[in-house]
Amino acid sequence: MIVDTGGHDQNTFIRKIRPIVADLPPQADKIRPKRRAWAKLCRQRPQIFFAMSKVTAPRALNNQERKRLRRIGHVLEPVVMLGQHGLTDAVVEETRRALADHELIKIKVMGNDREVKQQAITALAEQTGAQVVQQIGKVALLFLKAAQPNPHLSNLVRHAHLASD
């Protein structure tokens with residue numbers, strides 16, 4: 001089970017979780033054995049749950065979601081271009097900013113070697129936390145769901161009419 005710390009540090013998190021666990025009714029032990037085990041672990045080692053809350057992998061896209069994102073991505077122009085200097089900190093920061101604004105972006109990788117292009121796209125996706133929706137030749141489509149999408153900038157909102165079946 002992953003517990004959201006709400007952006008708090010470990011000590012604040014432990015102070016907030018202990019009263020919740022202490023208030024569990026004894027009947028919950030009979031009804032929900034998983035809850036009992038969770039409460040016991042949380043009383044003994046709350047730092048485990050704090051560490052687990054930091055690791056949240058993005059959910060894998062299913063085929064329908066990929067298809068929808070590819071439809072929207074077809075009309076987009078590349079926003080980020082990887083050139084002769086390769087994957088630099090500035091490129092990673094610009095990609096993070098673009099993903100935060102647009103959620104779905106196209107990137108273009110210059111070069112002739114397929115393996116180098118594939119490695120650059122994979123490394124960029126890992127460093128930004130995005131998912132590669134599609135890669136065709138030099139162009140890749142990256143997706144990262146925003147917590148609060150901006151309706152004026154989000155490609156998912158602006159091009160929603162393209163995704164309807």
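Visitor: Is Glu-103 buried or exposed?

Guide: This is a predicted model, in which local features need pLDDT of at least 70 and side-chain atom pairs count only at pLDDT 80 or more, while totals for chains, interfaces and linings use all residues. Residues are numbered from 1 along each chain as its sequence is written, and side-chain values use heavy atoms, with hydrogens and water left out. Buried means under 20% relative accessible area, exposed over 50%, and partly exposed in between (1.4 Å probe, protein chains only). Because its relative accessible area is 1%, Glu-103 is classed as buried.

Visitor: Which residue forms a salt bridge with Glu-103?

Guide: A salt bridge here requires a side-chain nitrogen of Lys or Arg within 4 Å of a carboxyl oxygen of Asp or Glu. For Glu-103 the closest N and O atoms are 3.6 Å apart, and the partner is Lys-145. The pair links distant parts of the chain, 42 residues apart, with Glu-103 in the loop between H6 and S2 and its partner in the loop between S4 and helix H8 (155-158); helices (H or I, at least four residues) and strands (E, at least two) are DSSP runs, numbered from the N terminus.

Visitor: What is the nearest side chain of opposite charge to Lys-117?

Guide: Lys-117 has its place in helix H7 (residues 114-128). Lys and Arg count as positive and Asp and Glu as negative, while His and the chain ends are not counted. Lys-117 is buried yet has no salt bridge, and the nearest side chain of opposite charge, 7.9 Å away, is Asp-113.

Visitor: Which residues have the most contacts inside the largest nonpolar core?

Guide: A nonpolar core is a set of buried Ala, Val, Leu, Ile, Met, Phe, Trp, Tyr and Cys residues joined through side-chain atoms within 4.5 Å. The largest has 16 residues, and those with the most contacts inside it are Ile-105, Ile-107 and Leu-142.

Visitor: At roughly what angle do the axes of H6 and H7 cross?

Guide: Axes are lines fitted to C-alpha atoms, for helices over the stretch in contact, and angles run from 0 to 180 degrees between N-to-C directions. Val-92, Thr-95, Arg-96 and Leu-99 in H6 meet Leu-124, Gln-127 and Thr-128 in H7, where contact means heavy atoms within 4.5 Å. The axes of H6 and H7 come within 10 Å and cross at roughly 65°.
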